[in-house]
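My notes are below, in the sequence I looked things up.

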Amino acid sequence: MSRTMTDAAETTKLANPTGGNPTGANSTVEIAVRFDHVGFSYGPTPTYDHSAGDHPTDQDLPRQTLPRQDRSPDGIHDLTFAIPQGAVVLLCGESGCGKTTVTRLINGLAPHYFDGVMTGTVTVNGLDTRQSDLAGLAPHVGSVFQNPRSQFFTLDVAGELAFACENFGMDPDEIRRRVAATADEFRIGGLIGRDITAMSGGQQQKVACASVSVAAPPIMVMDEPSANLDARAIADLRDIVGLWKAQGRTVIIAEHRLYWLDGLVDTAMVFRSGRLVRTMTGAELHDLPDRERETLGLRPTRSGQITQPDQITRSGSATQPDRIGDTDRTASDNDTGRRDDTGRRDESNGFWRIEDFSYTYRRTRRPVLSIPSARIPAGRVTAVVGPNGAGKSTFARCLQGLDRRAKGTLIAPDGRRLSRRDRMRTCFTVLQDVGCELFTESVLDEVLLGLPDATPAPSSVGSSIPSSVGTADTFPPRGKAERILRDLDLAEMADRHPLSLSGGQKQRVAIAAALACDRELLIFDEPTSGLDRRHMEQVATRIRALADHADRTVVVITHDPEFALIACDHALVLESGRITDSFALDSAGRTRLADHLTADCR
Amino acid sequence: MFRSTAAHDRFRVDPRTKIALTITVGCFCLARAGGALPAVDVVRLGLACLPVILLPLSRRWAATLVYMLLLAVSLAAAAWLLPTIVSALSSEPAANGVMPQTAGAMPQPDGVMPHAFGSAIVWLAYATIAMTTQMLPVAMISYWMLVTTTASELVTALTRMHMPQAVTIPLAVMFRFFPTAFAEQRRIGDAMRMRGVRLGGTRMLAMFEYRVVPLIGSSVRIADELAQAAMTRGLGGPAKRTSIARIGFHAIDAVLLTLCMACFVVWIGAATGWLSDRTL
């Protein structure tokens, strides 16, 4: 069926997609989703045209001048394709290329939830989405979203599984039967009766898939379902997609991480700026040459590509050609105070040593984290990897010294013993959801907040940012803040409200704040989840620069194998609250790390 | 907050009965229906003791113990401590109220107490004890209701009581949203401590803003995503919503509802004087 699929998708004239069906078993393949010259652009529907003259002043309101929400992706233009029933279709491309919009047009969120101007027709299971409404489309299309935390309507698994069927008004006994059958199918019977908020991201995503599956919609739409998942959970997700495929359902997946779908995809569509630029079969995607993949801005399409060295030049590695070998050497050396004469960075070389880290939750005896000793190379980037729920976030809390339950000492390379309170002033955590740690009204204030002896800039001078050194001299912290902002390409945004920035810009503001308050150890929690290849590489470059040029030690908690391999020097593997492995990322180490991060998905 | 998993206990009370019980306890203990009528005082005492029976049946041992202790202490204080304080601080005989919240037993500040200092202490003691005895039973019975009911059970019960979806859906969203908002609040607090932003006297307003602005931002985003997920699964559709929550009236509901009714009968009886002739 995969070959048929391509024919159907590639045609722009909606030719009969059954023409090239090689199996012949099913001579009339039903079309599940059909786009006919579809365009969609976000924004308020221009309704005031009808009442022009009534409120002329309303039109003068500078609605367009407001900063565009970075979350709403760009629209799409003149899309025409057809997806036959039972196909697994991958939508890929850079952020903002319009693939999320395509998923929304299929499940009806556009135009029924997101306002915008729509042209053309989308037909889903024979239904014109514009003539129907969300509730009318719900029995035909099931949707799984990126963030497992915010797609549950109830707090218990059984209630969640039953939710859609309850809304459809099914008989309670029939719902109970279906819930039991689906729980069996997804092997989540053990989770029924558990608190959803206490489950790991992987379990939550599984429940989300199951809860969509219960009502048996023939079309499944997934929007970046793997963004927050570890290798094991991604393997489970792969099984689920396989299950749906075997059941003859149409599965449409918008994704940045591609390797886990290798072998399942019938057709891959690549988008750019709201247009379909390339359609391939699953086999073509598998064999896509690296150069073409780079031009298309795609992440590795099979797990084998991830370990291939030097696909992307490491920033900073040019000045330190033997750096990786060095790490290996020093890591095997017990002398922590050892100095190398190979370069500037190595003078500061040494280790941050962890002593007796443990973390015990309230009302429990056994610690969830227990690390008698471990070492983090100073001035390097260390990846902390491990399955969801292994204690990676708890490890970060301990390192940061966030609360009283975090026990243990961190010994700095120069021998200082840092208690929990000291670590609060030594470490800085850049959260995955950066919005939580930006408080002030402007980017400049955000940086000044961290500077010692600096009060936030008065609002009167906040409007104009003098870049001359003279002004900076009259208020030294301000000069330093501006320098930091310039280094991070944030100078032009100094006056913007931090929350009006895009995700990547917010992350840079947080880094600027960390640099401003001279924290020596920076912790990143999942800095690349849900990022496309280009943005992921940007984050990698930035994090490398922190270690290579700013002499910071960086600890990165990540599930992202591609990122870990290009950005990190050292890896710590955490399992069930213990460090089970610690190695330098030389060529052997890279393979080892890739194995950890892509296990079960080969 | 609402327990997240369905009850598998054998002791199961219909949410509607729980609502009736909570209203009854609220009427008598908190709103003090029936005033100082002696018969109603007995009812009040009985209702105050009700959680002592209900909590262990739902296997909330710790809560039972804490409640029993607090109730005993406040009742004892009302019976002995208050009259002692009053008589010690004033030469006049203390008002002999068994339950301190009895309005008639409240001392008049300038009538009973000669010293401003003593009067303040008595007022404080009265206020504390009255609050405990008046609010604790309601707090406890509400706690019992919340921890033994799932959100979907409550929504189903309200639907059966012919509450419109305009009431039940926002209610369900609210209870879904609270834990999330608390979690966000904790994360923002952590981030503030991590960045070394502390509560300062002159910058209270700024601190408030630092806390609230990110919270609103993330709450709006979560609510938005939640709404999308719910609507793509048919919430708000034309079909009459069904539910797998098993609710229904059983023997225990009959007992508890009779009890509620009895309380009101006693009140009416006492208020009309029909009962007071027989009990006194």
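**Before starting.** I'm reminding myself that this is a predicted model.

**Entry 1: a sheet in chain A.** I began with an open sheet of four strands, and I read its order as β2-β1-β4-β5 (chain A), with antiparallel pairing. Which strands stand at the edges? They are β2 (76–84) and β5 (127–128) of chain A; each has a single partner strand, so one side of each is left without a neighbour in the sheet. I then checked how β5(A) is held: two bridges join it to strand β4 (residues 116–124) of chain A, and the two run antiparallel. For one bridge I noted the residues, V124(A) with L127(A) as its partner in β5(A).

**Entry 2: another sheet in chain A.** Further along I found four strands forming an open sheet, in the order β12-β11-β14-β15 (chain A), and the pairing is antiparallel. Here the edge strands are β12 (369–377) and β15 (417–418) of chain A, and each pairs on one side only. I looked up the pairing of β15(A) too: strand β14 (residues 406–411) of chain A joins it in the antiparallel sense over two bridges. I411(A) has R417(A) in β15(A) as its bridge partner.

**Entry 3: a hairpin in chain A.** Next I went to strand β9 (residues 267–272) and strand β10 (residues 275–281) of chain A, which pair in the antiparallel sense over six bridges. F271(A) is bridged to L276(A) in β10(A). How many residues sit between the strands of this hairpin? I get two, and S273(A) takes a positive phi near 50°.

**Entry 4: a helix pair in chain A.** I picked helix α17 (residues 443–450) and helix α21 (residues 503–516) of chain A, which pack at an angle of about 30° with their axes 7 Å apart. Angles under 35 degrees count as roughly parallel, so I logged α17(A) as roughly parallel to α21(A). The crossing is right-handed. On the α17(A) side I listed V443(A), E446(A), V447(A), L449(A) and G450(A); on the α21(A) side, V509(A), A512(A), A513(A) and A516(A). By class this contact has seven nonpolar, one polar and one charged residues.

**Entry 5: α1 and α2 in chain B.** From α1(B), the residues T24(B), V25(B), F28(B) and C29(B) meet V40(B), V43(B), R44(B), L47(B), A48(B) and L50(B) in α2(B). I sorted this contact as eight nonpolar, one polar and one charged residues.

**Entry 6: α2 again, now with α9.** What does α2(B) do with helix α9 (residues 251–272) of chain B? Their axes come within 9 Å and cross at roughly 160°, which means α2(B) is roughly antiparallel to α9(B). This crossing is left-handed. A39(B), V40(B), V43(B) and L47(B) of α2(B) make the contact with C263(B), V266(B), W267(B) and A270(B) of α9(B). The class count here is eight nonpolar, no polar and no charged residues.

**Entry 7: the record for chain B.** I checked UniProt, where an unreviewed entry places the feature "transmembrane region" at residues 62–82, 123–146 and 251–275 of chain B. In the model, residues 62–82 of chain B are 100% helix, with the end C-alpha atoms 28 Å apart. Residues 123–146 of chain B are also 100% helix, and their end C-alpha atoms lie 33 Å apart.

**Entry 8: where the chains touch.** Last, I looked at the contact between the chains, which takes 42 residues from chain B and 51 residues from chain A. On the chain B side, the elements giving two or more residues are α6 (151–160), α7 (165–194) and α8 (204–231). Which one gives the most? It is α8(B), with 12 residues.

Terms used:
Residues are numbered from 1 along each chain as its sequence is written. Chains are lettered from A and ligands numbered from 1 in the order in which they are written. This is a predicted model: local features need pLDDT of at least 70, side-chain atom pairs count only at pLDDT 80 or more; totals for chains, interfaces and linings use all residues. Two residues are in contact if their C-beta atoms, placed from the backbone, lie within 7 Å. Ala, Val, Leu, Ile, Met, Phe, Trp, Tyr, Cys and Pro count as nonpolar, Asp, Glu, Lys and Arg as charged, and the others, Gly among them, as polar. Two strands pair if DSSP finds at least two bridges between them. UniProt positions are given in the numbering used here, feature names are shortened, and annotations may be inferred rather than shown by experiment. Axes are lines fitted to C-alpha atoms, for helices over the stretch in contact, and angles run from 0 to 180 degrees between N-to-C directions. Angles under 35 degrees count as roughly parallel, over 145 as roughly antiparallel, 65 to 115 as roughly perpendicular and the rest as oblique. A crossing is left-handed if the near helix is turned anticlockwise from the far one by less than a right angle, and right-handed if clockwise.
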